[in-house]
Amino acid sequence: MTQQELLEELNKEFKLELVGTDADKFCRWDATSDKYLAELKCRRAHYNTQMIEYDKLDCVKSEADETGRDFLYCVSTPSGIYVFNISDLCKKNYNFNWENKKLPAKTDFGGSEWVDKKVGYINVNDSSYHA
(Lines give C-alpha, C1' and ligand atoms only; values in the text may rest on other atoms or scores of the structure.)
Protein backbone atom coordinates (compact mmCIF):
# COMPACT_ATOMS: atom_id res chain seq x y z
CA MET A 1 0.00 0.00 0.00
CA THR A 2 1.28 3.49 -0.82
CA GLN A 3 0.92 6.55 1.41
CA GLN A 4 -1.66 7.96 -1.00
CA GLU A 5 -3.70 4.75 -0.83
CA LEU A 6 -3.44 4.78 2.96
CA LEU A 7 -4.61 8.40 3.07
CA GLU A 8 -7.62 7.59 0.86
CA GLU A 9 -8.49 4.54 2.96
CA LEU A 10 -8.27 6.52 6.22
CA ASN A 11 -10.66 9.13 4.88
CA LYS A 12 -13.05 6.49 3.51
CA GLU A 13 -13.07 4.16 6.54
CA PHE A 14 -12.73 6.64 9.41
CA LYS A 15 -13.95 9.96 7.91
CA LEU A 16 -10.81 11.79 9.09
CA GLU A 17 -10.87 14.41 6.29
CA LEU A 18 -7.07 14.36 6.01
CA VAL A 19 -5.25 16.20 3.23
CA GLY A 20 -1.74 15.16 2.24
CA THR A 21 1.17 17.55 2.78
CA ASP A 22 3.09 16.31 -0.29
CA ALA A 23 3.54 19.84 -1.66
CA ASP A 24 5.67 20.80 1.35
CA LYS A 25 8.66 18.46 1.26
CA PHE A 26 9.99 19.92 4.55
CA CYS A 27 6.79 19.26 6.51
CA ARG A 28 7.37 16.93 9.50
CA TRP A 29 3.98 15.17 9.11
CA ASP A 30 2.25 13.56 6.13
CA ALA A 31 -1.36 14.76 6.40
CA THR A 32 -3.44 17.37 8.16
CA SER A 33 -7.03 18.37 8.91
CA ASP A 34 -8.78 20.82 11.21
CA LYS A 35 -8.63 18.17 13.98
CA TYR A 36 -5.45 16.20 13.28
CA LEU A 37 -1.81 16.13 12.26
CA ALA A 38 -1.02 12.65 10.95
CA GLU A 39 2.07 10.61 10.25
CA LEU A 40 1.48 7.79 7.72
CA LYS A 41 3.55 4.60 7.67
CA CYS A 42 3.21 1.73 5.20
CA ARG A 43 4.87 -1.41 6.54
CA ARG A 44 5.65 -4.49 4.47
CA ALA A 45 5.47 -6.78 7.50
CA HIS A 46 3.12 -6.98 10.47
CA TYR A 47 4.36 -6.69 14.04
CA ASN A 48 2.19 -6.61 17.15
CA THR A 49 4.11 -3.55 18.28
CA GLN A 50 4.67 -0.63 15.91
CA MET A 51 7.85 1.42 16.19
CA ILE A 52 7.75 5.22 16.43
CA GLU A 53 10.73 7.59 16.53
CA TYR A 54 10.93 9.81 19.59
CA ASP A 55 12.01 12.86 17.55
CA LYS A 56 8.96 12.45 15.30
CA LEU A 57 6.60 12.07 18.24
CA ASP A 58 8.09 15.06 20.06
CA CYS A 59 8.00 17.38 17.03
CA VAL A 60 4.55 16.53 15.69
CA LYS A 61 2.87 16.27 19.09
CA SER A 62 4.27 19.69 20.07
CA GLU A 63 2.85 21.25 16.89
CA ALA A 64 -0.48 19.45 17.41
CA ASP A 65 -0.67 20.74 20.99
CA GLU A 66 0.13 24.30 19.88
CA THR A 67 -2.60 24.24 17.22
CA GLY A 68 -5.27 22.46 19.27
CA ARG A 69 -5.19 19.26 17.22
CA ASP A 70 -4.41 15.62 17.96
CA PHE A 71 -1.43 13.70 16.58
CA LEU A 72 -2.45 10.51 14.76
CA TYR A 73 0.10 7.82 13.89
CA CYS A 74 -1.46 5.76 11.07
CA VAL A 75 0.15 2.47 10.09
CA SER A 76 -0.79 0.02 7.35
CA THR A 77 0.48 -3.55 7.55
CA PRO A 78 -0.51 -6.73 5.70
CA SER A 79 -2.90 -7.36 8.65
CA GLY A 80 -4.76 -4.06 8.39
CA ILE A 81 -4.69 -0.36 9.17
CA TYR A 82 -4.04 0.87 12.70
CA VAL A 83 -4.62 4.45 13.84
CA PHE A 84 -3.03 5.48 17.12
CA ASN A 85 -4.04 8.75 18.76
CA ILE A 86 -0.64 9.68 20.16
CA SER A 87 -2.07 12.75 21.93
CA ASP A 88 -4.50 10.54 23.89
CA LEU A 89 -1.85 7.91 24.64
CA CYS A 90 0.47 10.59 26.04
CA LYS A 91 -2.32 11.99 28.23
CA LYS A 92 -2.69 8.48 29.67
CA ASN A 93 1.10 8.29 30.32
CA TYR A 94 1.45 5.42 27.85
CA ASN A 95 4.65 3.41 28.26
CA PHE A 96 6.37 3.52 24.86
CA ASN A 97 9.35 1.53 26.21
CA TRP A 98 11.83 4.02 24.73
CA GLU A 99 15.26 2.69 23.75
CA ASN A 100 18.19 3.76 21.62
CA LYS A 101 18.63 1.62 18.53
CA LYS A 102 20.96 1.58 15.52
CA LEU A 103 18.82 2.05 12.42
CA PRO A 104 19.35 3.08 8.81
CA ALA A 105 19.57 6.86 8.44
CA LYS A 106 16.96 6.68 5.65
CA THR A 107 14.31 4.09 4.89
CA ASP A 108 13.83 2.70 1.37
CA PHE A 109 16.43 4.99 -0.20
CA GLY A 110 19.47 2.73 -0.10
CA GLY A 111 22.78 3.68 1.41
CA SER A 112 24.55 2.05 4.30
CA GLU A 113 24.68 4.82 6.91
CA TRP A 114 23.43 3.70 10.31
CA VAL A 115 22.58 6.12 13.12
CA ASP A 116 21.40 5.92 16.72
CA LYS A 117 17.71 6.73 17.06
CA LYS A 118 15.51 6.83 20.14
CA VAL A 119 12.46 4.71 19.38
CA GLY A 120 9.40 3.46 21.19
CA TYR A 121 6.73 0.87 20.57
CA ILE A 122 2.93 0.91 20.46
CA ASN A 123 0.92 -2.29 20.76
CA VAL A 124 -1.63 -2.70 17.95
CA ASN A 125 -4.25 -3.47 20.62
CA ASP A 126 -3.89 0.17 21.75
CA SER A 127 -4.99 1.58 18.40
CA SER A 128 -7.96 3.97 18.35
CA TYR A 129 -9.19 2.58 15.02
CA HIS A 130 -8.50 -0.65 13.16
CA ALA A 131 -9.65 -1.81 9.76
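Reply: We can start with Asp34, which lies in the loop between strand S2 (31-32) and S3; helices (H or I, at least four residues) and strands (E, at least two) are DSSP runs, numbered from the N terminus. This is a predicted model, in which local features need pLDDT of at least 70 and side-chain atom pairs count only at pLDDT 80 or more, while totals for chains, interfaces and linings use all residues. Residues are numbered from 1 along each chain as its sequence is written, and side-chain values use heavy atoms, with hydrogens and water left out.

Me: Is Asp34 buried or exposed?

Reply: The word buried means under 20% relative accessible area, exposed means over 50%, and partly exposed is in between (1.4 Å probe, protein chains only). Asp34, with a relative accessible area of 78%, is exposed. As for its place in the chain, the C-alpha atoms of Asp34 and Lys92 are separated by 23 Å, the two residues being 58 apart along the chain.

Me: Which residues have a positive phi although they are not glycine?

Reply: Most residues other than glycine have a negative phi, and most peptide bonds are trans. Lys15 has a positive phi of about 55 degrees without being a glycine, and it sits in the loop between helix H1 (3-14) and S1, where at 62% relative accessibility it counts as exposed. Asn93, also not a glycine, has a positive phi of about 55 degrees; it belongs to the loop between helix H3 (86-91) and strand S7 (99-104) and is exposed, with a relative accessible area of 67%.

Me: What is the order of the strands in the open sheet?

Reply: Strands of a sheet pair through backbone hydrogen bonds, either parallel or antiparallel. For the assignment used here, two strands pair if DSSP finds at least two bridges between them. The open sheet has six strands in the order S1-S2-S3-S5-S6-S9, with mixed pairing. Its edge strands are strand S1 (19-20) and strand S9 (129-130), each of which pairs on one side only.

Me: How many bridges join S5 to S6, and in which sense do they run?

Reply: Six bridges join S5 to strand S6 (residues 80-85), and the two run antiparallel, with Asn85 in S6 as the bridge partner of Leu72. S5 and S6 form a hairpin that leaves two residues between them.

With strand S3 (residues 36-42), by contrast, S5 pairs in the parallel sense, over seven bridges.

Me: Which strand forms a hairpin with S3?

Reply: S2 and S3 form a hairpin with three residues between them. Two bridges join S2 to S3, which run antiparallel, and Thr32 stands opposite Leu37 in S3.

Me: How many residues of S5 and of S3 are buried?

Reply: S5 (residues 70-77) is mostly covered, seven of its eight residues being buried, and S3 is mostly covered as well, with five of its seven residues buried. Over the protein chain of 131 residues, 37% count as buried.

Me: What does the whole chain look like when its secondary structure is counted?

Reply: The protein chain comes to three helices and nine strands, and along the sequence they follow the pattern α-β-β-β-β-α-β-β-α-β-β-β. The radius of gyration (taken over C-alpha atoms) is 14 Å, close to the 14 Å that the globule rule (2.2 Å times the number of residues to the power 0.38) gives for 131 residues, so the chain is as compact as a globular protein of that length. Along its principal axes the C-alpha trace spans about 40 × 30 × 30 Å.

Me: Among contacts between residues at least 6 apart in sequence, what share joins residues at least 24 apart?

Reply: A contact means heavy atoms within 4.5 Å, and of those between residues at least 6 apart in sequence, 59% join residues at least 24 apart.
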